[in-house]
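Colleague: Could you take me through this model before I set anything up with it? I'd like to go from the overall picture down to single residues.

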Amino acid sequence: MERHLAVEKLVTRVSDEGLERKYYRFRRARWYGGIVTADCVGCGLLCRFCWVSDYALCRPATAGAFYTAESVAEEMRQIARESGLRQLRLSGGEPTLGKEHLLRLLELLEDKGYSFILETNGIPLAYDEDYAPQLSKRSFVHVRVSLKGCSENEFAMLTGAKPEGFILQLKALEKLVENGVSCHPSVMASFSTWDNLQALAERLAEISPELAENLEVEELILYPHVKEKIAKHGLRYHTGYHPDKVPTE
Ligand code: SF4
């Protein structure tokens, strides 16, 4: 969380129009059957399989540009108009950095007939007691908490962060459930054994049976820069897909 807070200082700034946040891309993406996506700059983790370019991930002070919540909403609405898509998504980087900016953006996009997916590693949601209650006010939002491995050890291996950080990811799900926020966990399972995946499902079921039932298994997409990073860290994976051959499901 310390690193998230340090990165947050680099990717947000206060202007007369409120809190601005850095983004590096607005696009129509193929996931979820087609979804308008805004990609934020900056994350507190440094996952060793992260598909974000090293430039956007590791140089938050120079990558991307600052946007007001109003300008992000307009960019997303415009792509939605042009593409006919009604699903919107924030991805990253970590979109929950710059809470005031995110909450304003959600306020601007609510009640316009969109559904909204917030993809997060969850850590800021566990740290800030007020975050999940605020998200619960926006019923068009669904939160996808992307777990970095199935256990503390896998989390440390995949992120380089302290193993106990994994608990924060689970705690985020707990807070979302407690506050009635629509959510589900996904897990990067390409490096995991079946036993570890089962053990994770059991831990999730202790929070809520629905979390275990809705656990999404995420697998590597082997973009060239992702393969390089994984090789650099000496990680061995069990499954992964060529970017052009990702199964629809
Ligand atoms: S949490 Fe997501 S954005 Fe952040 S480093 Fe990991 S994979 Fe990349």
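This is a predicted model: local features need pLDDT of at least 70, side-chain atom pairs count only at pLDDT 80 or more; totals for chains, interfaces and linings use all residues.

Colleague: Okay, how many helices and strands does the protein chain have, and what is its radius of gyration?

Modeller: The protein chain has eleven helices and eleven strands, and its C-alpha atoms fill a box of roughly 50 × 40 × 35 Å along the principal axes. The globule rule is 2.2 Å times the number of residues to the power 0.38, with the radius taken over C-alpha atoms. For 249 residues a compact globule would come out near 18 Å, which agrees with the chain's radius of gyration of 17 Å.

Colleague: What share of its residues count as buried?

Modeller: Buried is 20 or more other C-beta atoms within 10 Å of a residue's own, exposed is 12 or fewer, and partly exposed is in between, with C-beta atoms placed from the backbone. By that count, of the 249 residues of the protein chain, the buried share is 39%.

Colleague: And what share of the contacts with a separation of 6 or more joins residues 24 or more positions apart?

Modeller: A contact here is two backbone-placed C-beta atoms within 7 Å. Among contacts with a separation of 6 or more, residues 24 or more positions apart account for 74%.

Colleague: On to the ligand: which charged residue is in its shell?

Modeller: Ala, Val, Leu, Ile, Met, Phe, Trp, Tyr, Cys and Pro count as nonpolar, Asp, Glu, Lys and Arg as charged, and the others, Gly among them, as polar. The shell has seven nonpolar, three polar and one charged residues.

Colleague: How far apart are the end C-alpha atoms of α3?

Modeller: The expected span of a helix is 1.5 Å times one less than its number of residues. For the 15 residues of α3 (residues 69-83) that should give 21 Å, which agrees with the end-to-end distance of 21 Å.

Colleague: Which α3 residues are buried, and which exposed ones sit on the face turned away?

Modeller: Ala69, Val72, Ala73, Met76 and Ala80 are buried in α3. They cover an arc of only 100 degrees (directions from the helix axis to the C-beta atoms), which puts them on the same side of α3. What covers them includes β2, β3, β4 (65-67), β5 (87-91) and α4 (99-109). The face turned away carries Gln78, Arg81 and Glu82.

Colleague: Is alanine 172 buried or exposed, and which residues does it touch?

Modeller: Alanine 172 is found in helix α8. It has 27 C-beta neighbours inside 10 Å, so it counts as buried. Leaving out residues up to four places away in sequence, alanine 172 touches Gly122, Ile123, Leu125, Ala126 and Val145.

Colleague: Last one: what phi does aspartate 111 have?

Modeller: Aspartate 111 is in the loop between α4 and β6 (115-120). With 10 other C-beta atoms within 10 Å, aspartate 111 is exposed. Its phi is positive in a residue other than glycine, near 60 degrees.

Notes
Residues are numbered from 1 along each chain as its sequence is written. Helices (H or I, at least four residues) and strands (E, at least two) are DSSP runs, numbered from the N terminus.
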